[in-house]
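Have the structure open as you read.

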Amino acid sequence: MNIAPLTLALWQTAYASTPAEALQRLDDAAARARAQGVQLLLCPEMGLTGYAIGPGRVRALAEPADGALAQAVTVIAQRHGVTIVYGYPEHHPHGGQPFNAVQAIGPDGQSLARYRKTHLYGAMDRAQFSAGDAASQVFTWRGWRLGLLICYDVEFPETVRLLALQGVDAVLVPTANMAAFDEVPELLVPARACENRLFVAYANACGSEPGIHYGGLSTVAGPDGGVWTRAGRDAALLRTTLTRETLDGARRSSPLPARRTDLYGPLAA
């Protein structure tokens, strides 16, 4: 089956001061992306509210997955005919700290997939959020098998490998990576793509929040580990097109069929 290329854009941006401002800027970014032929727009972690905003603010802004923020993003996705993958704080149904969540909303306004960050980084992350308890699942859009992770998740080989074993073609990663950890976009993201023979799209924030400076360097890495595109430190709308031919070529030399699962028992400990 011939599957058409997938054109996506990584929106590297500083955090807005309010969700209303963030939505206005998202609307503008979606318009610019669509004018460039983009089909999917990937935003930073917690892109609608800010990331380092404190437990009280996170709880105050948290919503169900179909809340007012999702409804506003739905309108933007439909207006511009683009899938939007965005981060937001999701209300905890049992009263715990909210989840750090991501949702993909298609150009028809339908929710395609949701995921809650499972690996929390540092004291601030643990103070603001509850960890998700379900692994990311593959969803299919325009013939592409896609998976969602959030920031620190991609630094664990197991998360991407689990998606690879489900046949994922590209992993979409909203992130809020700090400038001190450039090894993630420069080393780990290409490594995850190469070792699993898939694409990894890593959309970072830029600018600052109190006590934190974000590093930018949003990156798309291909299944041979090559960097298809990478932003600098400042705001950018980074466009690239993923092709099936690249995947099929890289997978002819995939190491996955040679795995010795009989020896890997301790990895699950």
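## Reading burial

A residue counts as buried under 20% relative accessible area, as exposed over 50%, and as partly exposed in between. Trp228, with a relative accessible area of 30%, is therefore partly exposed. Please keep in mind that this is a predicted model.

## Aromatic pairs

How many aromatic pairs does a search of the whole structure find? The search turns up eight. One of them joins Tyr152 and Phe156: the ring centres are 5.0 Å apart and the planes meet at 75 degrees, so this pair is edge-to-face. Both partners are partly exposed, Tyr152 at 21% relative accessibility and Phe156 at 26%.

Phe199 and Trp228 also make an edge-to-face pair, with 5.0 Å from centre to centre and 90 degrees between the planes. Phe199 belongs to strand S9 (residues 199-203) and Trp228 to strand S13 (residues 227-230), so their pairing ties together parts that are 29 residues apart in sequence. Is Phe199 buried or exposed? Phe199 is buried, because its relative accessible area is 1%, whereas Trp228 is partly exposed at 30%.

## An aromatic cluster

Now back to Tyr152 and Phe156. Together with Tyr121 and Phe181, these two residues form one aromatic cluster.

## Charges over rings

Two tryptophans are worth a look here. The charged end of Arg142 sits over the ring of Trp141, 5.6 Å from the ring centre. Over the ring of Trp144 you will find the charged end of Arg244, 5.4 Å from the centre of that ring.

Terms used: Residues are numbered from 1 along each chain as its sequence is written. This is a predicted model: local features need pLDDT of at least 70, side-chain atom pairs count only at pLDDT 80 or more; totals for chains, interfaces and linings use all residues. Side-chain values use heavy atoms; hydrogens and water are left out. Rings of Phe, Tyr and Trp (its six-membered ring) pair if their centres lie within 6.5 Å; planes under 30 degrees apart count as stacked, over 60 as edge-to-face and the rest as tilted. Buried means under 20% relative accessible area, exposed over 50%, partly exposed in between (1.4 Å probe, protein chains only). Helices (H or I, at least four residues) and strands (E, at least two) are DSSP runs, numbered from the N terminus. A charge sits over a ring if NZ of Lys or CZ of Arg is within 6 Å of the ring centre and within 35 degrees of the ring normal.
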